[in-house]
Amino acid sequence: MVVKVKIQDISDKGVGIATFENDLVFVKNTYLNEDVLVTLKDYFAKGSNRREGILESIVTPNIHRIESSCQYEDLCGSCSFRFLKYKEQLNFKKNILQSNVDKLNLNIKVCDFYNLYDKDIVNNCRNKSIRSFSYDKGGLIYQGFYESFSHKTIPIKECLQEVSWMSDFANELCDILNKYKVPLYDESQNRGVVRNLIMRDCIIEKLVCLSIFDNLADDVKLSLKTLASKFSITSLSILKNKNIGNKIVDGDIEYLSTAKNIKMQILDNTFLIDAYTFMQVNNKAMEYLYKKAIDAVSNVSNKNLALDLCCGVGTMTLALAHKFNKVIGVEINKSSIESANLNKNLNNISNVTFILDDIKNVLTNIVNKDVDAIIADPARTGLGDNNLKSFLKLKDKCKIALIFCSQKAFLRDIKYLSDNGFKVLSVEGIDMFPNTMHFETLVILEK
């Protein structure tokens, strides 16, 4: 049945929500206040009033709607806002953040999202890609992305979100795999060769890592090296991942290039990046976010000791070292700590100590009256009340910068701190992921 409905809300997945009679109808690729014609589909579950609506046409478009340039919009679904002018995307995200701030009764006006691009359509904003592989009906290998909540690969010839060379490289790699009839890894049978392709762009240098389950023949390796040379790849490697689970980066690395890492300049320090390195996927937004956090916590009278919790490879830790007498970075991932120490030596920094441990095991000992500033960029789950309890021992005027990629974690952690003697000074959203619903949140607090 085709019905006319008005989009009144947007889900946390970026899907438009309308009402029809007593039902909530979810319609992809729609935006607020749009009148649309949809075909009503089955309910999501028995007894539910939630159902999908397939968009047939837009009767009254939102004034901020533009023509989407992505041919895979209906297949992929990751870029739920590509049809929306970029400034309106930022405005929408700001309103989400302001609504959550209001729930906390913070009496704070959220800063405008800084527009890093200043254009209606944003492309080439992702500097990292992970591609998967599958077979088409004719038995040929193709590459693309996993469909949401599955390991089914959607064929993607070109992703406009990523820097342009990545799609070209992935497509030509498929030509090589088909030429030599290299079998793909079959997770149900636990056999085969090719698993995933990891690519990273650091502006000047490029990294490619092919994840495999079983050995790759020498003639295939030679063709891979030739392809890497064509694309000026700095670091080329093969990751032998024997993990039978879903972990993508796991196993021993064989390097097919002279360089094992690529170098990246971040906030006046040089960092070595490899396939294991965690780095934000948007270089431009990352630098803006990190600089804002570091400048905020550095604005303290005493600069004896700063902490960087969940420090990764030391991107913010080493920048803090130029501002404080001593900095301690804590990270649970062993390879990240190893890289952090390499980066410390590479930049001739001597006033930084890295600790390999879960922060919950060390916070009680390192959070004390000598700490002048803290930066934390935790995983999606945030820090949590148990870790934040240690913050209560901090001295007055200690500055804290917390970074959240989840609004749920933001609401929980900031409520705890604001209820326990911490003043929220500012809240700002940073658009790490243009054309999507996602964003990072930077909160500056003072004890």
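Two strands are taken to pair if DSSP finds at least two bridges between them. Strands (E, at least two residues) and helices (H or I, at least four) are DSSP runs, numbered from the N terminus. The model is predicted: local features need pLDDT of at least 70, side-chain atom pairs count only at pLDDT 80 or more, and totals for chains, interfaces and linings use all residues. Residues are numbered from 1 along each chain as its sequence is written, and side-chain values use heavy atoms, without hydrogens and water.

Ile130 has Ile198 in strand 9 as its bridge partner. Strand 6 (residues 128-135) and strand 9 (residues 194-201) run antiparallel and are joined by 5 bridges. Both belong to an open sheet of 7 strands, ordered 8-7-6-9-10-11-12, with mixed pairing. Strand 8 (153-155) and strand 12 (252-255) form the edges; each has a single partner strand, so one side of each lacks a neighbour in the sheet.

Helix 3 lies across strand 6, strand 7 (141-146), strand 9 and strand 10 (206-212). Its direction is at about 150° to strand 9. Angles run from 0 to 180 degrees between N-to-C directions, with axes fitted to C-alpha atoms, for helices over the stretch in contact.

Helix 3 (residues 165-179) also packs with helix 4 (residues 218-230), at an angle of about 155° and with the axes 11 Å apart. The two helices are therefore roughly antiparallel (angles over 145 degrees). In their contact (heavy atoms within 4.5 Å), Phe169, Glu172, Leu173 and Ile176 of helix 3 meet residues of helix 4 including Val220, Leu224 and Leu227.

Conventions
Parallel < 35°, antiparallel > 145°, perpendicular 65-115°, else oblique.
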